[in-house]
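Here's a quick walk around one protein model, starting from a single side chain and ending with the whole chain. Have a look at it first.

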Amino acid sequence: MNIKLLVVGKTDEKYLQEGIATYEKRLSHYVNFELVVIPALKDQKGASPDEIRNREAALIARQLEKSDAVVLLDEHGKEHTSVGFAQYLQKQMNSGIRQLTFVVGGAFGFAPSIHQMAKDKVSLSQMTFNHQMVRLFFVEQLYRAFTILKGEPYHNEG
């Protein structure tokens, strides 16, 4: 199985870029992982949140294949413990999915058309995080999930 993380807008902060790169490198030992950045929209002045979501939706849709299993990282999604997320990934792998694509939307979330494409929604927390920080949190949790599945000592259950 391949895993793609699709994000809207580049990661600006160097400390986030470095953290993401660290976990991307670690993930390469477990899975074919790809981070795809959709450039942020230009000329957003005066655009409503709905217009921005719809314009971003068109860009997101272009990056998706019909066969992708699309999972939105969304505040209204299902929350998992780290072990629960590892089990979720294992189920996806067992189901024969070729490409599991997680999507982080822009600052205003997702247009209805993207919600309709989604197989699942996952929430990292009930708290709201900066959409750039979510990238680091997600790749760390993805790495943690694979170490859990392999029985490696990164994760401590207490």
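Let's start with Arg144, which sits in helix H5 (helices, H or I of at least four residues, and strands, E of at least two, are DSSP runs numbered from the N terminus). This is a predicted model, where local features need pLDDT of at least 70, side-chain atom pairs count only at pLDDT 80 or more, and totals for chains, interfaces and linings use all residues. Residues are numbered from 1 along each chain as its sequence is written, and side-chain values use heavy atoms, with hydrogens and water left out.

Is Arg144 buried or exposed? Its relative accessibility is 17%, so Arg144 counts as buried (buried is under 20% relative accessible area, exposed over 50%, partly exposed in between, with a 1.4 Å probe and protein chains only). Setting aside neighbours within four places in sequence, Arg144 is in contact with Ser82, Tyr154 and His155 (contact means heavy atoms within 4.5 Å).

## Helix H5

H5 covers residues 131-149, and its end C-alpha atoms are 27 Å apart, which agrees with the 27 Å that its 19 residues should span at 1.5 Å a residue (the expected span is 1.5 Å times one less than the number of residues). Just past H5, Gly151 has a positive phi of about 70°.

## The whole chain

Zooming out, the protein chain has 5 helices and 5 strands, running β-α-β-α-β-α-β-α-β-α along the sequence. Its C-alpha atoms fill a box of roughly 50 × 35 × 25 Å along the principal axes. Buried residues account for 44% of the 158 residues.
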